[in-house]
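Subject: Structure handover

Hello,

Here is the structure I said I would pass on. Please look through it first; my notes on what was found follow below.

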Amino acid sequence: MSTLSRAQVSARCESFVAALTSPDLASIVDLVVWVEVDPSVDGPVAMAASHIGRAWLHLDGRHQVLEGLDPIASEDPMAFLPYDRECASPGPRTSRENSYPYAASRILSLFADPTRSPDVAVMHTPRHFFPEQGGHVGEHGSLDVIQSRAPLLLSGKGIATRGIVDAHARLVDVCPTLAVLAGVPDADLRDAGGDPLDGRVLTAYLDGEQLVKPKVIGILWDGAHCGDLLQLAESGELPGIARLLANGMALRGGAVAHFPSVTLTNHTSILTGLGPGRHGVLGNVFYDRGTGERVVPNNSAAWHRSAEWLRPAVRTVFEMVNSLVPQGDSPHAGSPRTACVNEAVDRGADYSTMAMIRDSGSSSGAAGLDDQLPDAHASVHLHDTAHLGDSYFSWGTQVDDLGLAQMRQLWESLELAPTLTWWASVVSDAGHHAGGPRSAIARDSLRDSDSRLMSFLEHLDGLGITDQVTFLLTADHGFEGSDPTVTGSWRPALERLDIPFRDEGPGFIYLLPDPDQT
Ligand SMILES: [Zn+2]
């Protein structure tokens, strides 16, 4: 195999961009993004193009239009708010009607990995429906604001009581915020190489009290839609969320995910405070030129192996918190300092569901342990048994019931509870994929998750310790609903170029060397 010169890579990328921005693909291709070298500083610059034009995107939000119109008219993280605006016009038809927060920094991060970044990334339009390539009724993954908007609530001890605040944060802010609440000094919020994190502590929402023996619980509802979650809570349909809100605050603009707005990329950003270009988990599926391996980290057979994909710069929030107290010095020897329930990105956690899967010896990870999960039909948190006809929803119900059981075990008393507990749930992702935001199954998935949250809060009430706990609740991405009439694939247009490539996702385009002619 002959390797490509920089000039060849650039020319071939240009051919792909030209093919992908052809007007006949405009209903399914929202944007094409890539990185070029800015000759004036010899550094990378983010590029975006669509059928209407192309622009350089600068980190300070300035755009330099190179051709036609700027395909990214807005980067407003508060776009489509209040929530009525999103409901009134869901699924913007053109990128000019949409918003792409932190476009340059998120694109630059995706393209910063030395061997795993694609050459070009293609974004589906919000309405694109592509079940033949793994797409769903509800989808996420885009740079756009709705698919990138996750809820963010803080509540309980040490949190200012402010209700819903008209502001936003970023998911990379979660790690440093959890770490500081758990007692990690600001000076220790660094990656393994000593560099500052990409995220910042959300100090504006803390009440300034220095917590003694902090007990912090981070909760993730996978794919929970920010606007719908807050609206259902305000209308009395999510009493657990409403309870957290009454004792704290939520951001109306939520927290902006990294790009792509997919699960494993953002779980890793949430728990490391780093973007994908630094933590290495570039997508739910990506290709590593260094090893020649196609990596599928978001897979029930691979979650327990998450640490294998982490780049050397990574320090997880569990490792940061553990560094406060050496294991042997714990006042309650044997009880975990940190716990990680139903979460792939668990490196360093003293207690971890994935560690149990690793220890079980199951060669296919969690996928080989389905027979040990509780019966979904017996779940007391399920609002509609009809949803169990969706196999992902059914499995999510089982896994989330097991997650709640683990939480109750970990929280037998305030003394024995971990300093930092992370509790991930998955059924909300299943509900939103199955029906799209605001559908009956999506809303029931939030109600089911809320029922488990209420059950846990009542468990803490029974111990009389609820007011001693600090809570953070978030998700890893948002969701938009597709349109069943908007179908098709960009693949034939790329194949016609007769340039060797692979398309992972789909959407990550990697140029491949020419086969040897000799
Ligand atoms: Zn997810």
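This is a predicted model: local features need pLDDT of at least 70, side-chain atom pairs count only at pLDDT 80 or more; totals for chains, interfaces and linings use all residues.

Helices (H or I, at least four residues) and strands (E, at least two) are DSSP runs, numbered from the N terminus.

**Zinc site**

The zinc ion is coordinated by D222 (OD), T263 (OG1), D476 (OD) and H477 (NE2), with distances of 1.9 to 2.2 Å. The four donor atoms subtend angles of 95 to 132 degrees around the ion, so the arrangement is tetrahedral. Along the sequence, the donor residues follow the spacing D-x40-T-x212-D-H. D222 sits in the loop between strand 11 (216-221) and helix 6 (226-234), and H477 in the loop between strand 19 (470-474) and strand 20 (480-481), so this pair ties together parts that are 255 residues apart in sequence. D222 is buried, at 5% relative accessible area, and H477 is buried too, at 0%.

D70 is in the loop between strand 4 (63-68) and helix 2 (83-88). Is D70 buried or exposed? Its relative accessible area is 12%, so it counts as buried, the limit being under 20%. The side chain of D70 makes a polar contact with the side chain of H63 at 2.7 Å. A polar atom of the D70 side chain also lies 2.9 Å from the backbone nitrogen of I72. With neighbours within four places in sequence left aside, D70 is in contact with I52, A55, H63, V65 and R96. The C-alpha atom of D70 is 8.8 Å from that of S50, a residue 20 places away along the chain.

One of the D70 contacts, A55, belongs to strand 3 (residues 53-57), where five of the five residues are buried. G53, A55 and L57 point one way from strand 3, while R54 and W56 point the other way. In a regular strand the side chains alternate between the two faces of the sheet.

Strand 3 pairs with strand 2 (residues 43-50) in the antiparallel sense over five bridges, and A48 stands opposite A55. The hairpin from strand 2 to strand 3 passes through two residues. Strand 3 also runs antiparallel to strand 4, again with five bridges, and the bridge partner of W56 in strand 4 is Q64. The hairpin of strand 3 and strand 4 has five residues between them, and G61 in that turn has a positive phi of about 95 degrees.

Strand 7 runs antiparallel to strand 13 (residues 255-256), joined by two bridges. Within this pairing, R149 is opposite V256.

**S117 and helix 3**

S117 lies in the loop between helix 3 (103-110) and strand 5 (120-124), and is buried at 7% relative accessible area. The S117 side chain reaches the backbone oxygen of L110 at 2.8 Å. Beyond neighbours within four places in sequence, the contacts of S117 are L110, F111, A112, L282, R289 and Y510.

Seven of the eight residues of helix 3 are buried. They are A103, A104, R106, I107, L108, S109 and L110.

**Backbone points to check**

Most residues other than glycine have a negative phi, and most peptide bonds are trans. Where are the exceptions?

- The peptide bond between F259 and P260 is cis, with omega about 0 degrees; P260 is in the loop between strand 13 and helix 8 (263-272).
- The bond from G505 to P506 is cis as well, with omega near 0 degrees; P506 is in the loop between strand 21 (501-504) and strand 22 (508-511).
- K213, not a glycine, has a positive phi of about 45 degrees. K213 is in the loop between helix 5 (174-181) and strand 11 and is exposed, at 72% relative accessible area.
- D498, also not a glycine, has a positive phi near 60 degrees. D498 is in the loop between helix 15 (491-495) and strand 21 and is exposed, at 71% relative accessibility.

Regards

Methods
Residues are numbered from 1 along each chain as its sequence is written. Side-chain values use heavy atoms; hydrogens and water are left out. Buried means under 20% relative accessible area, exposed over 50%, partly exposed in between (1.4 Å probe, protein chains only). Contact means heavy atoms within 4.5 Å. A polar contact is a pair of N or O atoms within 3.5 Å; within protein, one must be able to donate a hydrogen and the other to accept it, and residues adjacent in sequence count only if both atoms are side-chain atoms. Donors are N, O and S atoms within 2.8 Å of the metal (3.2 Å for Na, K and Ca); water is not among the atoms, so sites may look incomplete. Four donors count as tetrahedral if all angles lie between 85 and 135 degrees; four count as square planar and six as octahedral if opposite donors are over 155 degrees apart and all others between 65 and 115; anything else is irregular. Two strands pair if DSSP finds at least two bridges between them.
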